[in-house]
Amino acid sequence: MNTATPFHHVPVMVGEIVELFGPVPPGVVVDATVGGGGHASALLEAHPHLQVVGLDRDEAAVEAATHALQRFGERATVRRARFDQLTAMLRETGHETVSGALFDLGVSSPQLDDPGRGFSYRADAPLDMRMDRAQPTSARDLVNSLPERELATLLRDLGDERFAARIARGIVAARPLRTTGDLVAVIDAAVPAPARRRQHGHPARRTFQALRIAVNAELDVLRPGLDAALDVLVPGGRCAVLAYHSGEDRIVKDVFRTAATGGCVCPPGLPCVCGATPTVRELRRGARKPSPAEVAANPRAESARLRAVEKLEVVA
């Protein structure tokens, strides 16, 4: 079955991404979350000096990106892989170094819009949320097996959920939960009515986000993936990350800052005497955000935060 048509995803901040990778040396950009191939297509169209190796753990995304990028011939390669398999997949495709790396984190529109995947709180569907449907653990497993305290911690840490304890208590009392509708009903009952009226967005949004991140171990594989990407970048190469959640963004900021300071432990404002050697430079202080026009056209871009670094020439 051809999934290219239903896997339609509007790439976020595509203009900024294209601009960022314009100055990199000729070579390969690894798109570690290729999705439907939107960013990859834009990069290949704008920059003839670049090739793309696209990675994704979602089989539907791999199929869709392969279809979308086939017009670029040998300039585009797509493989199924997680972030922490980045180096191995590059070697498998014949590349030891790259000119760029792009990470577009979070969940894609096609995953949200397919009710059968269980990512959305807007349709009643099996509680799944697996990006790689070959993995054994689903959201249904987590909500029906985790102890109440662990569940509350998960919702608080990964979803910034203010009512995590109440929701966790409600989940345990309502077990077994089988569908997204079952979970939404529990959340609606647990969150006080005044808070539901004040909240920005659906009251289930944070809980679904937390479960999705946990099911797919998204934060666990992010740091190894970023470290691997920075390791294989050539001097002048760039790494860019689009994050949509505070936990993701904290990891990105920490990895980039550590690389930009070389892990320096000297007091701020004093000369470095610890021998730290920076390996990248941050291309701007802080994160870039999508324009108001882009958010108006694509509301899912609103929470995006773009950070980027450039690899330095390190003299041994």
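A residue is called buried when its relative accessible area is under 20%, exposed when that area is over 50%, and partly exposed in between, as computed with a 1.4 Å probe on protein chains only. By this rule Cys239 is buried, because its relative accessibility is 0%. Cys274 has a relative accessibility of 37%, so Cys274 is partly exposed.

This is a predicted model, in which local features need pLDDT of at least 70 and side-chain atom pairs count only at pLDDT 80 or more, while totals for chains, interfaces and linings use all residues. Residues are numbered from 1 along each chain as its sequence is written, and side-chain values use heavy atoms, with hydrogens and water left out.

A disulfide is a pair of cysteine sulfur atoms within 2.5 Å, and the structure has zero of them. For Cys274, the closest cysteine sulfur is that of Cys272, and it lies 3.6 Å away, too far for a bond.

Arg80 belongs to strand 3, residues 76–80; strands (E, at least two residues) are DSSP runs numbered from the N terminus. With a relative accessible area of 34%, Arg80 is partly exposed. Ala60 is 20 residues from Arg80 along the chain, and their C-alpha atoms are 9.9 Å apart.

Contact means heavy atoms within 4.5 Å. Neighbours within four places in sequence aside, Arg80 is in contact with Asp56, Arg57, Glu59, Val62, Met89, Asp132, Arg133 and Ala134. A polar contact is a pair of N or O atoms within 3.5 Å; within protein, one must be able to donate a hydrogen and the other to accept it, and residues adjacent in sequence count only if both atoms are side-chain atoms. The side chain of Arg80 makes such a contact with the side chain of Asp132, at 2.5 Å. The Arg80 side chain also reaches the backbone oxygen of Arg57, at 3.3 Å.

Terms used. Helices (H or I, at least four residues) and strands (E, at least two) are DSSP runs, numbered from the N terminus.
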